[in-house]
Amino acid sequence: MASVELVNVAKRYGKQSVLHPLDLTIPDGSFTVLVGPSGCGKSTLLRLLAGLESLSDGAIMMDKVKINDRDPADRDIAMVFQSYALYPHLTVAENLAFHMQVKKVKREEQQSKIERIAGILGIDKLLQRYPRALSGGQRQRVAMGRAMVRNPQVFLFDEPLSNLDAQLRMELRAEIKSLHQRFKTTMVYVTHDQVEAMTLADQIVVMREGRIVQQGAPLAIYDRPADTFVARFIGSPPMNLLPAQLIAREGIPGVQCHDLWQPLPPRWQAVGREREGDSVTLGARPHDLIETESRALASVKVVEITGESTLLHLDWHGHALHMQVAGRHHAVSGDEMRIGFNAERIHLFDAETGLRLRES
């Protein structure tokens, strides 16, 4: 296990900056997930860690030792790719043993490690098969096993589940989390799927256009997104964002959104007094939209029932809203509903910059 630190790391291709100078600390034994939309630089950052790309600026430290100039094979880092990257002419056992053979590990030790890792991953009955005879999930398990037999200080995962169906993704996600809890190896995981990020990570790093927008514990980011981009990106279905204005009534700070006014909860009241009359962006998670007796009348466009919950797609003054309710809802397309927000759980952002307002 090892801690990893990126200091003022940047990557350019000619005049094009893919990663702007950034700092990032990955604690020893942590599970850090880099998440963001396609093209945000997360895979490039992973490849820099692995040594597959060279830095334009900055330094990469492992346990406070600079590793910029080390070859990938000398970094004690193992990487699992989206494409599996298995040798098609080798059996599963031979794929698992390949690195150990290069390092001239004793045959008995090779066999012992292969049997142990295959047992952990549930591929012990597949050792004599070739990759072409394996399913996608089995191939990914072999790719993980090939990294595990190296016993590296750091594991890197580059969107390893994106080629799998939903059921397999869920199963392998649980297996990867279980492996981390068992071995406590430092892991860095890249994904564009925020559900994977929320369920796997100790630390989430949200990236956008080559920069780190926010980093922290999953629930800390979910509960207090730094800006409207993070608010929409983290959470499924995404947060509803609406134009609003801070307006007090009878001395009570509140927020006015079209024909709906609600008093601000205590943590936002100081903001309401300081910025009375200012335009803001109001944020509300889908499960924090509620049915009320308010004047706010929205029309139901689409109803999605999963069994355990119902997702209602609403139109309110031209804004598309998502409302999630537990269980099965009676609404059908074309119905009208009076809506409101759970005032205790609203979010407020600056209307111009999109940055979260400072709450008390």
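This is a short chat about a predicted model of one protein chain.

Me: Hi! Before I dig in, which residues count for what in this model?
Reply: Because the model is predicted, local features need pLDDT of at least 70 and side-chain atom pairs count only at pLDDT 80 or more, while totals for chains, interfaces and linings use all residues. Residues are numbered from 1 along each chain as its sequence is written, and side-chain values use heavy atoms, with hydrogens and water left out.

Me: Where does UniProt put a domain?
Reply: The unreviewed UniProt entry places "domain: ABC transporter" at residues 4-234; such annotations may be inferred rather than shown by experiment. That stretch is 37% helix and 26% strand, with its end C-alpha atoms 25 Å apart.

Me: Switching to α1: which of its residues are buried?
Reply: They are K42, T44, L45, L46, L48, L49 and A50. That makes seven of the nine residues in α1 (residues 42-50), so this helix is largely enclosed by the rest of the structure. Just after α1, G51 has a positive phi of about 90°.

Me: Now α3 and α4. At what angle do they cross?
Reply: The axes of α3 (residues 107-121) and α4 (residues 136-148) cross at roughly 140° and come within 10 Å. The axes are lines fitted to C-alpha atoms over the stretch in contact, with angles from 0 to 180 degrees between N-to-C directions. The two helices are therefore oblique to each other, the class left over once under 35 degrees is roughly parallel, over 145 roughly antiparallel and 65 to 115 roughly perpendicular.

Me: Which residues meet there?
Reply: I117, I120 and L121 in α3 meet R141, M144, G145 and M148 in α4. By class, the contact has five nonpolar, one polar and one charged residues.

Me: What about Q140, buried or exposed?
Reply: Q140 sits in helix α4 and counts as buried, because its relative accessibility is 0%. Leaving aside neighbours within four places in sequence, Q140 is in contact (heavy atoms within 4.5 Å) with V80, F81, Q82, Y84, P160 and L172.

Technical notes: Helix = DSSP H or I, 4+ residues; strand = E, 2+ residues; numbered from the N terminus. Nonpolar A, V, L, I, M, F, W, Y, C, P; charged D, E, K, R; others polar. Buried < 20%, exposed > 50% of the residue type's maximum accessible area, 1.4 Å probe, protein only.
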